[in-house]
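Please walk through this model with the viewer open, one selection at a time. Each stop names what to select and then says what is there.

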Amino acid sequence: MRPRPAFLAPLLLVAAAAAGAPAPPRVAFLGDSLTAGLGVAESDAFPAVVARLLGEDGLAIRVVDAGVSGDTTAGGLARLDWVLRSDPGVVVVELGANDGLRGLDLARTEASLKRIVERASRGGRTVVLLGMHVPTNYGPEYTREFAAIYPRVASETGALLVPDFLDGVGGVAAMTQPDGLHPNAAGHRRLAKNLLPVLRKAVLGRKRAAPR
């Protein structure tokens with residue numbers, strides 16, 4: 001699945017701004033099949049759902065869904081510049097799960113993730129990093145070290161962190177599709193709620209920083 005180019009597909013605009021008001025901040029979601037909404041309608045994927053929830057709070061955003069199924073942190077890093085061409089004020093980074101499921105080298109995963117956050121932060125952008133956990137397929141030590149990457153990268157870069165983005169979804173049959181991995185529509189709603197408090201903080205920060 002290819003990302004939807006911002007210059008070809010219309011951005012999802014929630015709660016249109018009043019006439020004469022500054023344009024709502026653009027939020028780019030850089031991720032894998034979770035962001036792409038594999039197996040569910042685009043409107044049911046968590047980027048669209050969290051945008052609607054923010055809209056209900058009166059916080060309009062424009063969503064750029066740059067989710068590519070199967071992507072890794074290295075893949076996300078390789079296409080980051082393309083995503084940043086959409087000029088987002090906020091970048092949500094949802095990557096690493098495929099690295100962990102494939103047992104990739106954790107040092108390389110962390111290095112790629114840190115470079116993504118550092119580069120995405122340039123120019124005053126706000127970055128939200130979504131923390132992940134993976135099953136113990138490669139042993140408990142690998143699982144612990146994988147989970148520790150996200151708070152460490154957030155601490156070193158100043159990114160806003162959602163500590164356990166998959167809370168209430170990962171391993172919960174009622175929240176996943178038959179493959180046991182990808183969220184169903186209910187699972188995506190839970191993911192959106194997990195993200196909502198931190199993304200609200202990021203969006204409010206952009207609104208305060210906007211020139212008047």
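At roughly what angle do the axes of helix α6 and helix α7 cross? Select residues 106–121 for α6 and 140–157 for α7: the two axes come within 10 Å and cross at roughly 25 degrees. That angle is under 35 degrees, so α6 counts as roughly parallel to α7. The crossing of α6 past α7 is right-handed. To see the contact, show side chains for L106, T109, E110, L113, K114, V117 and E118 on α6. On the α7 side, show Y142, E145, F146, I149, Y150, R152, V153, E156 and T157. Coloured by class, the residues of this contact fall into eight nonpolar, two polar and six charged. An α-helix has 3.6 residues a turn, so residues three or four places apart point the same way.

Stay on α6 and pick S112, which is in this helix. Is S112 buried or exposed? With 13% relative accessibility, S112 counts as buried. Leaving aside residues up to four places away in sequence, S112 touches T73, A74 and L77.

Now zoom out to the whole chain. This is a predicted model, with eight helices and six strands in the protein chain. Along the sequence the order is β-β-α-α-β-α-α-β-α-α-β-α-β-α. Of the 212 residues in the protein chain, 51% are buried. Among contacts between residues at least 6 apart in sequence, 79% join residues at least 24 apart.

Next, go to the strands. Select β5, residues 126–130. Five of its five residues are buried, so β5 is largely enclosed by the rest of the structure. Turn the view to look along the strand: T126, V128 and L130 point one way, while V127 and L129 point the other way.

Move to β2, residues 26–31, and β3, which run parallel and are joined by six bridges. A28 stands opposite V64 in β3. As for cover, β3 spans residues 62–67, and five of its six residues are buried.

Select helix α2, residues 46–56, next. How many of the eleven residues of α2 are buried? Nine are, so the helix is largely enclosed by the rest of the structure. The buried residues are F46, P47, A48, V49, V50, A51, L53, L54 and G55. After α2 comes G58, where phi is positive, near 85 degrees.

The last stop is P183, in the loop between β6 (160–162) and α8 (185–209). P183 has 2% relative accessibility and therefore counts as buried. Draw a C-alpha to C-alpha distance from P183 to G39: the two are 8.2 Å apart in space and 144 residues apart in sequence. Which residues does P183 touch, not counting those up to four places away in sequence? They are L34, L38, V40, V169, M175, T176, Q177, H188 and L191.

Methods
Residues are numbered from 1 along each chain as its sequence is written. This is a predicted model: local features need pLDDT of at least 70, side-chain atom pairs count only at pLDDT 80 or more; totals for chains, interfaces and linings use all residues. Side-chain values use heavy atoms; hydrogens and water are left out. Axes are lines fitted to C-alpha atoms, for helices over the stretch in contact, and angles run from 0 to 180 degrees between N-to-C directions. Helices (H or I, at least four residues) and strands (E, at least two) are DSSP runs, numbered from the N terminus. Angles under 35 degrees count as roughly parallel, over 145 as roughly antiparallel, 65 to 115 as roughly perpendicular and the rest as oblique. A crossing is left-handed if the near helix is turned anticlockwise from the far one by less than a right angle, and right-handed if clockwise. Contact means heavy atoms within 4.5 Å. Ala, Val, Leu, Ile, Met, Phe, Trp, Tyr, Cys and Pro count as nonpolar, Asp, Glu, Lys and Arg as charged, and the others, Gly among them, as polar. Buried means under 20% relative accessible area, exposed over 50%, partly exposed in between (1.4 Å probe, protein chains only). Two strands pair if DSSP finds at least two bridges between them.
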